[in-house]
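Subject: Structure handover

Hello,

Here is the structure I promised to pass on. My notes follow below it.

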Amino acid sequence: MIKSEEKGEKNVPFIMLGLKLPTDPRWVNLAEISLEDILTDHAYCEQKAAVSCISLIQGFPDKKELVRELSPIVTEEWGHFRMVLAEIERRQFNLGTQRKDLYVNQLLAFQQKGGSREDRLLDKLLFCGLIEARSCERFRLLHEYLTDPYLKEFYYKFMVSEAGHYVLFLDLARLYFPQDKVKTRWESYLKEEAAIMQRLELSGNRLH
Ligand SMILES: [Fe+2]
Ligand SMILES: [Fe+2]
């Protein structure tokens with residue numbers, strides 16, 4: 001699914017993710033300072049990703065391809081949660097409690113609440129795809145800039161995996177909706193996400 005590895009490229013280029021605003025590079029240094037917080041936040045992001053896939057399956061059981069494609073992603077995301085948890089334990093950190101997710105909450109507020117069931121599906125797929133893209137971008141930065149070789153490798157695996165999920169959500173959107181409709185709504189999501197990123201205070205204890 002992800003082409004960059006096949007071509008032997010080391011990283012997922014920012015441009016491939018379509019995001020409008022790159023992360024401020026200062027974030028990585030901040031993140032290195034609060035590794036325990038980043039790992040806790042990361043663990044809950046993975047948990048939420050698994051839950052989102054389960055919700056999509058529950059809400060749209062009639063969409064056969066969606067159910068088929070997202071079922072293994074639930075397992076994968078939960079596997080990610082377990083990988084992060086193992087890292088937390090290896091470092092003798094604590095999992096800690098889930099913080100209020102300002103980034104996700106603001107993106108959720110942008111999601112269409114009314115409209116048809118189909119339109120809500122489009123928004124849910126794009127919402128998931130966007131979070132995967134931003135997560136992938138953040139993992140790429142952690143992989144690239146953290147100095148610990150073990151952590152570099154650790155985040156590389158997440159970067160590759162979330163890039164694949166980003167592609168999958170967009171592919172599902174294009175499967176069920178006309179290309180131009182997906183393109184228009186995706187563009188508006190990208191603009192909104194860039195505005196949210198700009199509004200949010202740079203913080204080394206959050207993944208987003
Ligand atoms: Fe994940
Ligand atoms: Fe993912």
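How many of the 208 residues of the chain, in percent, count as buried? The value is 32%. A residue is buried if 20 or more other C-beta atoms lie within 10 Å of its own, exposed if 12 or fewer, and partly exposed in between, with C-beta atoms placed from the backbone.

First, the ground rules. This is a predicted model, so local features need pLDDT of at least 70 and side-chain atom pairs count only at pLDDT 80 or more, while totals for chains, interfaces and linings use all residues. Residues are numbered from 1 along each chain as its sequence is written, and chains are lettered from A and ligands numbered from 1 in the order in which they are written.

**Confidence**

pLDDT is the predictor's confidence in each residue, from 0 to 100. Its mean over the chain is 90. Of the residues, 93% reach 70 or more. Among the elements, H5 has the highest mean, 98. Helix H1 (residues 3-6) has the lowest, 40. Over residues 1-9 the pLDDT is below 50. That stretch still has 10 contacts beyond near neighbours in sequence. Two residues are in contact if their C-beta atoms, placed from the backbone, lie within 7 Å.

**Overall fold**

The chain has nine helices and zero strands. Helices (H or I, at least four residues) and strands (E, at least two) are DSSP runs, numbered from the N terminus. The radius of gyration is 17 Å, which agrees with the value near 17 Å for a compact globule of 208 residues. It is taken over C-alpha atoms, and the globule rule is 2.2 Å times the number of residues to the power 0.38. The C-alpha atoms fill a box of roughly 45 × 40 × 30 Å along the principal axes. Of the contacts between residues at least 6 apart in sequence, 79% join residues at least 24 apart.

**The core**

The largest nonpolar core has 42 residues. Such a core is a set of buried Ala, Val, Leu, Ile, Met, Phe, Trp, Tyr and Cys residues joined through C-beta atoms within 7 Å. Leu125, Leu130 and Phe169 are among those with the most contacts inside it. Helices H4, H5, H7, H8 and H9 each supply at least two residues. H7 (117-145) gives the most, with 13. Leaving aside neighbours within four places in sequence, Leu130 is in contact with Leu107, Tyr189 and Glu193.

**Helix H5**

H5 has 27 residues and reaches 40 Å from its first C-alpha to its last. That is close to the expected 39 Å, which is 1.5 Å times one less than its number of residues. A kink of about 25 degrees lies at Leu70, shortly before Pro72. The bend at a residue is the angle between axes fitted to the seven residues ending there and the seven starting there. Buried residues in H5 include Leu66, Glu77 and His80. Their cover includes H4 and H8. After H5 comes Gln92, with a positive phi near 55 degrees.

**Two single residues**

Gly18 lies in the loop between H2 and H3. It is partly exposed, with 16 other C-beta atoms within 10 Å. Gly18 touches Ala133 and Leu190, not counting residues up to four places away in sequence.

Tyr145 lies in H7. Why does Tyr145 count as partly exposed? Because it has 15 C-beta neighbours inside 10 Å.

Best wishes
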